[in-house]
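Hello,

Here is the structure I promised to pass on to you. Please open it first, then read my notes beside it.

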Amino acid sequence: MCMKDECTIQLFAAGQWQVVANVTLLGDAVRGWRAATYTGYATEWALSHNGAVDAWALGSQFAVGLRPWKLEHWPVFLLDMLPQGYGRGELLRQLGLPETAEADADWPLLLTGAGNSIGNLRVKEAADWLSSRVGTVRGFIDEEVAARSEDFMSYLSQHGLFVAGSSGVQGEWPKILLTRARDGLLYLDHTLPDTEATAHYIVKFGRGPNERLAAILRHEASYMAIAAHLGLRVHSPLSLRDRALFIPRFDRVVEAGRVTRLGQESLAALMGMAGFGVAPTHDDVCARLAKTCSQPAVEMLEYLKRDVANLAFGNKDKHARNTAIQRDFAGNIRLTPVFDFAPMYLHPDGLARRIRWQGKEQTGVDWKAVLDTVCGRTKLAREPLVAGLQSLAKPLREVAEMGPDFGLEPEVYQYLVPGILAQAQAMEQLQ
């Protein structure tokens with residue numbers, strides 16, 4: 001592969017991929033995401049969509065315009081597209097690079113692995129690389145995918161294993177992007193024309209023999225049902241088949257034979273935080289959400305309710321890259337539907353809570369202090385937030401009483417009940 005010091009950013013709008021910007025390396029590529037860059041919109045795009053920060057833009061913090069950005073690192077929207085976790089390892093093997101490669105592999109990984117990303121952006125060079133490797137296109141029935149049948153695995157192997165469908169999906173679990181066609185079969189996402197698509201999925205597979213990891217995967221569909229019961233913003237039910245979790249995608253909308261791709265960016269990108277493992281405070285996130293979202297009061301309540309749920313249900317692994325905002329083409333910016341909601345307290349690595357309320361978690365979260373800070377920094381009215389949080393108490397108590405009806409297994413259910421009831425009581429006492 002011929003290495004360039006520039007990449008072309010395409011954005012899917014009005015039914016086609018359009019060139020909207022370029023990112024040029026000013027620093028040495030071996031520095032990875034830490035290399036200095038120069039980013040600018042294409043002139044025609046800048047003039048046509050000047051000032052946009054919704055889906056017409058590279059990101060909510062990269063308003064469309066003629067002014068370029070000269071940064072000491074990659075623009076943060078690129079990091080959302082850089083393969084990480086399982087997909088990164090698979091792509092390194094496909095490129096013949098050592099699996100231990102770190103920053104020096106970031107640029108080649110971007111130029112090959114960012115061709116089919118979540119959201120409505122892609123790197124043109126990566127899309128070209130991916131399309132050049134499309135061999136025989138064929139579909140599979142759901143059972144073949146779920147069971148990882150011999151035919152299915154052989155087909156993935158021909159396409160570079162999970163790289164073919166997952167290089168644009170971050171995270172440690174093996175995942176592939178699959179699209180259901182009009183014929184009812186599932187195809188690798190990038191091999192199927194939009195005109196044939198009826199639904200889009202992320203399929204997450206189990207990881208090895210560890211029972212605690214298996215229990216996490218088994219509970220994700222149940223947790224999504226619980227999220228819906230709590231009144232959180234959810235997209236569609238999840239479906240677990242064997243050791244494969246089918247997750248309907250919410251960054252794609254299929255209507256009248258056309259696919260619309262919505263803009264999506266992580267909290268890390270929203271906060272302008274480069275790198276991985278970054279952890280803003282909840283306090284700072286709330287302040288930024290209030291400035292960025294179309295309906296700040298609605299999104300603030302949603303964000304607060306999600307943190308209550310994460311605490312109640314032991315979902316410790318909430319970090320700056322598994323919460324995101326969604327941007328459409330009509331100027332609407334809001335939190336995406338809930339994703340990665342699971343009993344992560346079970347993780348064998350003993351994960352710690354990553355994003356915290358600054359100075360308000362000494363002995364559990366002090367929700368009164370949280371509201372004092374949030375309302376003080378955002379100037380949002382306190383009463384609607386209090387009422388919205390209080391409304392969580394009843395459904396929380398219902399889950400505490402009927403957890404098995406939602407699919408919670410006995411051991412998980414027994415562990416969770418005290419925490420669920422504690423959060424229910426905290427919401428009832430909130431003023």
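**Where α4 meets α5**

Leu 110, Leu 111, Thr 112 and Gly 113 of α4 meet Glu 125, Ala 126 and Trp 129 of α5, where contact means heavy atoms within 4.5 Å. By class, this contact has four nonpolar, two polar and one charged residues. For these classes, Ala, Val, Leu, Ile, Met, Phe, Trp, Tyr, Cys and Pro count as nonpolar, Asp, Glu, Lys and Arg as charged, and the others, Gly among them, as polar. The two helices, α4 and α5 (residues 124–131), pack at an angle of about 65°, with their axes 5 Å apart. Axes are lines fitted to C-alpha atoms, for helices over the stretch in contact, and angles run from 0 to 180 degrees between N-to-C directions.

Before you go on, please note that this is a predicted model, in which local features need pLDDT of at least 70 and side-chain atom pairs count only at pLDDT 80 or more, while totals for chains, interfaces and linings use all residues. Residues are numbered from 1 along each chain as its sequence is written, and side-chain values use heavy atoms, with hydrogens and water left out. Helices (H or I, at least four residues) and strands (E, at least two) are DSSP runs, numbered from the N terminus.

**Ala 114**

Ala 114 sits in the loop between α4 (106–113) and β5 (121–123). Is Ala 114 buried or exposed? Its relative accessible area is 0%, so Ala 114 is buried (under 20% relative accessible area; exposed is over 50%, partly exposed in between, with a 1.4 Å probe and protein chains only). Apart from neighbours within four places in sequence, Ala 114 is in contact with Met 81, Leu 109, Arg 122, Val 123 and Ala 126.

**Helix α7**

In α7 (residues 150–158), the buried residues are Phe 152, Tyr 155 and Leu 156. They line one face of the helix, because they fall within an arc of 100° seen down the axis of α7; the arc is that of the directions from the helix axis to the C-beta atoms. Turned away from that buried side are the exposed Glu 150 and Gln 158. The cover over the buried residues of α7 includes β6 (175–181) and β8 (197–205).

**Helix α12**

With 17 residues, α12 (residues 296–312) reaches 24 Å from its first C-alpha to its last, close to the 24 Å expected (1.5 Å times one less than its number of residues). Of those 17 residues, 13 are buried. Gly 314, which follows α12, has a positive phi, near 65°.

Best wishes
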